[in-house]
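The following exercises concern a predicted model. Each task is followed by a solution in steps.

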Amino acid sequence: MTQERSVAVIVNPAAGKGRAKRYAEQVQAAMPFAEVCFTERPGHATELAKAAAERGVEIAAALGGDGTVRETAAGLFGSNTALGVLPLGSGNDFARALKIPLQLDKALDALLNAEFRPIDVGEDADGLFVCMSGVGFASEVTRNAANARLFRGPAAYAYGVVKALLQMRPVPMRLHLDGETREMEALFVLAQNIPYCGGGQLMAPNALINDGKLDVVVVEPVGRLELLRIFPRVYSGRHIEHPACHVFRSSVVRIESEMPMLKLLDGDLIGEAPLDSRIHSQALRAAAPSSS
């Protein structure tokens, strides 16, 4: 990428367990022509990205995790400014999907030489998403991990899984998929725009980010021990071979239930069911390595 391209880097100061400021300095040294700005509150990345797009900036790059990427993408939606990613979160699933290196120096090099490619953007009643939306067990894991007082990082996630297993119960749901309605009980449903979730879990191994469809992963009730036995397979994508796991493809996903369910958008808990998601085909440009 030449210096003639204008770049804004939107930094989440809470990312990277306090490393964000140091990494931002590294970014500024590598790209002295870039504008670097820090978020100050939830939703601020959307405001900063929208302002950058209105100024005609060519790339707005999120330095942070998938939540920062989601907020930045929301600010760029409907503009010609491309979404860039410098991954510094705990999950970094969007970067994985675009084959952006997870090491900052390599991610910077990829950004400097990026090509633009169109990607799909999901929209739910409670906001935009670029990775996934979902309800059920995964949402409970996220809530438990966020509320863990004695654990951080992977340990908090493990705690979240154990606590969610102890509280696990199937939920009667109505799934509306491109005009077809299905009544079923499920442990969770994830509508994936990309293959990954949860920091590298290959939840929807065949999902494509530019096909105008969501890969809807439904897991029907199984016992706690069986779920623990299946769980390691999510890192290879082999969980979808289990008879309790189903994958549907749809451009519209609505999930209703009489029971309360937390809603997950790109790893953040945002609102409650009903989940009401749809895909906007190739509605955003992403700055990605040419080999992706």
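**Exercise 1.** Determine how helix α2 and helix α3 are arranged relative to each other, and which residues form their contact.

*Solution.* Begin with the geometry: helix α2 covers residues 44-54 and helix α3 covers residues 66-76, and the two pack at an angle of about 40°. Their axes are 7 Å apart. Next, classify the angle. Angles under 35 degrees count as roughly parallel, and 65 to 115 as roughly perpendicular; α2 and α3 are therefore oblique to each other. The crossing in which α2 passes α3 is right-handed. Then list the partners. From α2 come His-44, Ala-45, Thr-46, Ala-49, Lys-50 and Ala-53, which meet Thr-68, Glu-71, Thr-72, Ala-74, Gly-75 and Leu-76 of α3. Finally, sort the residues of this contact by class: five are nonpolar, five are polar and two are charged.

**Exercise 2.** Describe the packing of helix α1 with α5, and state which residues of the two helices meet.

*Solution.* Helix α1 spans residues 20-30. Its angle with α5 is about 35°, and the axes of the two helices lie 11 Å apart. The handedness comes next: α1 passes α5 in a right-handed crossing. On the α1 side, the contact residues are Tyr-23, Gln-26, Val-27 and Ala-30, and on the α5 side they are Leu-104, Asp-105 and Leu-108. Sorted by class, the residues of the contact of α1 with α5 comprise five nonpolar, one polar and one charged.

**Exercise 3.** Which residues line the largest cavity, and which element gives the most to this lining?

*Solution.* Start with the count: the structure holds one cavity of 30 Å³ or more. The volume of the largest cavity is about 40 Å³. Its lining consists of Val-85, Ile-100, Ala-107, Ala-110, Leu-111, Ala-114, Ala-287, Ala-288 and Pro-289. Now assign elements. Both α5 (104-112) and β16 (275-288) supply at least two residues each, and α5 gives the most, with three.

**Exercise 4.** Characterise the second largest pocket by its volume and its lining.

*Solution.* The volume of the second largest pocket is about 290 Å³. There are 15 lining residues, of which Gly-136, Glu-140, Arg-169, Val-171 and Pro-260 are the closest to the centre of the pocket. Turning to the elements, α6 (137-146) and α7 (153-167) each supply at least two residues of this lining. The greatest contribution is that of α6, with four residues. By class, the lining of the second largest pocket contains eight nonpolar, three polar and four charged residues.

**Exercise 5.** Locate the cis peptide bond from Ala-273 to Pro-274 and the positive phi of Lys-99 within the chain.

*Solution.* The bond from Ala-273 to Pro-274 is cis, with omega near 15°. Pro-274 is placed in the loop between β15 (268-272) and β16. Lys-99, although not a glycine, has a positive phi of about 60°. The location of Lys-99 is the loop between α4 (93-97) and α5.

How values were computed:
Residues are numbered from 1 along each chain as its sequence is written. This is a predicted model: local features need pLDDT of at least 70, side-chain atom pairs count only at pLDDT 80 or more; totals for chains, interfaces and linings use all residues. Side-chain values use heavy atoms; hydrogens and water are left out. Axes are lines fitted to C-alpha atoms, for helices over the stretch in contact, and angles run from 0 to 180 degrees between N-to-C directions. Angles under 35 degrees count as roughly parallel, over 145 as roughly antiparallel, 65 to 115 as roughly perpendicular and the rest as oblique. A crossing is left-handed if the near helix is turned anticlockwise from the far one by less than a right angle, and right-handed if clockwise. Contact means heavy atoms within 4.5 Å. Ala, Val, Leu, Ile, Met, Phe, Trp, Tyr, Cys and Pro count as nonpolar, Asp, Glu, Lys and Arg as charged, and the others, Gly among them, as polar. On a 1 Å grid over the protein atoms alone, a cavity is a set of points where a 1.4 Å probe fits but cannot get out, and a pocket is an open set with protein on both sides within 12 Å along at least five of seven lines; lining residues have an atom within 4 Å of a point. Grid points are joined across faces, edges and corners, and a volume is the space filled by probe spheres set on the points.
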